[in-house]
Amino acid sequence: MSGIEIMSSYRKSKSLNRSSSINKTILFGRSKSFNRSTLSPLNGGSPRALSAASPRPNRLSCVSQWSRMLIVIGLFVSFIIFFAGGYIYVLPSLSPEFLGYSLSVFNNSMVGCDIFNGSWVLDDAYPLYNASECPFAEQGFNCLGNGRSDNDYLKWRWKPKHCDLPRFDVYCILERFRNKRIVFVGDSMSRTQWESLICLLMTGVEDKKSVYEVNGNNITKRIRFLGVRFSSFNFTIEFFRSVFLVQHGLIPRHAPRRVTSTLKLDKLDNISNEWLHADILIFNTGQWWVPGKLFQVGCYFQVGNSLKLGMSIRTAFRLALGTWAAWVERSIDTNKTRVFFRTFEPSHWRYPFIVDILNL
């Protein structure tokens with residue numbers, strides 16, 4: 001072999017050895033990045049050859065993919081459970097539609113709405129009951145039954161300016177009143193509202209005979225107590241006549257001749273104990289706080305044993321309401337009983353100063 005051939009052979013051998021060394025270094029680096037345990041002292045620290053068929057990287061990749069899939073599935077199942085729970089438990093409590101009302105809560109129409117700011121609008125769906133078919137409607141208030149020919153006056157509905165009131169759902173209200181006691185206290189305005197509520201509710205009762213006055217009395221303004229029982233639902237709607245809410249007493253001693261009776265502004269009506277233990281209490285007064293029902297018939301005001309001949313109706317009305325409010329705070333458990341005080345329209349007796357009372 002010539003010297004040239006020997007040099008050529010030597011260079012090829014050296015090149016192959018350098019290539020092999022580089023390959024080993026690259027292979028070792030890859031092997032080390034996967035698992036340092038691939039180095040074995042039995043083979044002098046040389047790495048095991050990792051082929052494409054090696055199962056360890058694939059196994060790690062599969063575990064990682066399964067973990068991600070389980071997380072996604074868990075999140076999806078949690079979302080379904082949360083949504084279903086919200087629909088079953090939260091939605092019924094938020095939506096009046098679920099309870100039988102036609103008002104949707106999603107438009108937030110009742111949030112922050114002043115229901116007293118509105119007007120009367122005609123509604124062809126009214127009236128909601130026929131007074132001639134209700135045995136608890138007083139004959140004197142049954143205008144159609146007494147010969148009135150038009151009925152548009154029965155179609156007025158109150159419409160707040162910025163929201164809609166729920167429609168009256170008789171079946172929903174009957175269920176809400178089940179096992180309850182509802183009490184109206186006041187003058188003729190409370191009595192006629194009491195009558196109307198009874199007539200409204202009777203439209204949802206199949207057996208009309210199951211609704212009756214507890215003492216068998218006819219509906220009249222001359223009786224201080226009237227109570228109607230809905231036996232199928234075990235609730236009563238009662239009315240107590242108390243036109244001033246405070247005590248209407250006899251003539252005090254040494255009173256002037258013009259005094260025939262007094263209103264004791266610091267004492268609630270002597271039948272007030274009968275109003276206790278109700279689930280709903282609705283009060284009203286005002287229609288009788290006018291000269292024609294007071295001074296002109298000899299009725300003046302009294303506080304304690306003192307006769308207040310010069311006291312104005314406006315001042316007396318304020319004192320009487322203070323006595324009523326103190327009684328409510330002292331005697332009524334508002335966690336059990338809902339208390340309402342309803343106002344009156346200023347034109348009932350056509351006395352202009354009633355407007356001043358309303359502005360108290």
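This is a predicted model: local features need pLDDT of at least 70, side-chain atom pairs count only at pLDDT 80 or more; totals for chains, interfaces and linings use all residues.

User: What volume does the largest pocket have?

Analyst: The largest pocket has a volume of about 3,100 Å³. Its lining comprises 49 residues, with Trp120, Gln193, Ser196, Leu200 and Arg342 nearest the centre. Among the elements giving two or more residues to this lining are β2, α3 and β3, while α4 gives the most, with seven.

User: How do the residues of that lining divide into nonpolar, polar and charged?

Analyst: There are 32 nonpolar residues, six polar ones and eleven charged ones.

User: What makes glutamate 238 and arginine 181 a salt bridge?

Analyst: Their side chains come to 2.9 Å, N to O, and the cut-off is 4 Å, so the pair qualifies. Glutamate 238 sits in strand β6 and arginine 181 in strand β3, 57 residues apart.

User: Is arginine 224 buried or partly exposed, and why?

Analyst: Arginine 224 has a relative accessible area of 36%; that lies between 20% and 50%, so it is called partly exposed. Its salt-bridge partner is aspartate 269, with the closest N and O atoms 2.8 Å apart. Aspartate 269 is buried, at 6%.

User: How do you know that aspartate 279 and lysine 336 form a salt bridge?

Analyst: The N to O distance is 3.6 Å, which is within 4 Å, so this pair counts as well.

Technical notes: Residues are numbered from 1 along each chain as its sequence is written. Side-chain values use heavy atoms; hydrogens and water are left out. On a 1 Å grid over the protein atoms alone, a cavity is a set of points where a 1.4 Å probe fits but cannot get out, and a pocket is an open set with protein on both sides within 12 Å along at least five of seven lines; lining residues have an atom within 4 Å of a point. Grid points are joined across faces, edges and corners, and a volume is the space filled by probe spheres set on the points. Helices (H or I, at least four residues) and strands (E, at least two) are DSSP runs, numbered from the N terminus. Ala, Val, Leu, Ile, Met, Phe, Trp, Tyr, Cys and Pro count as nonpolar, Asp, Glu, Lys and Arg as charged, and the others, Gly among them, as polar. Buried means under 20% relative accessible area, exposed over 50%, partly exposed in between (1.4 Å probe, protein chains only).
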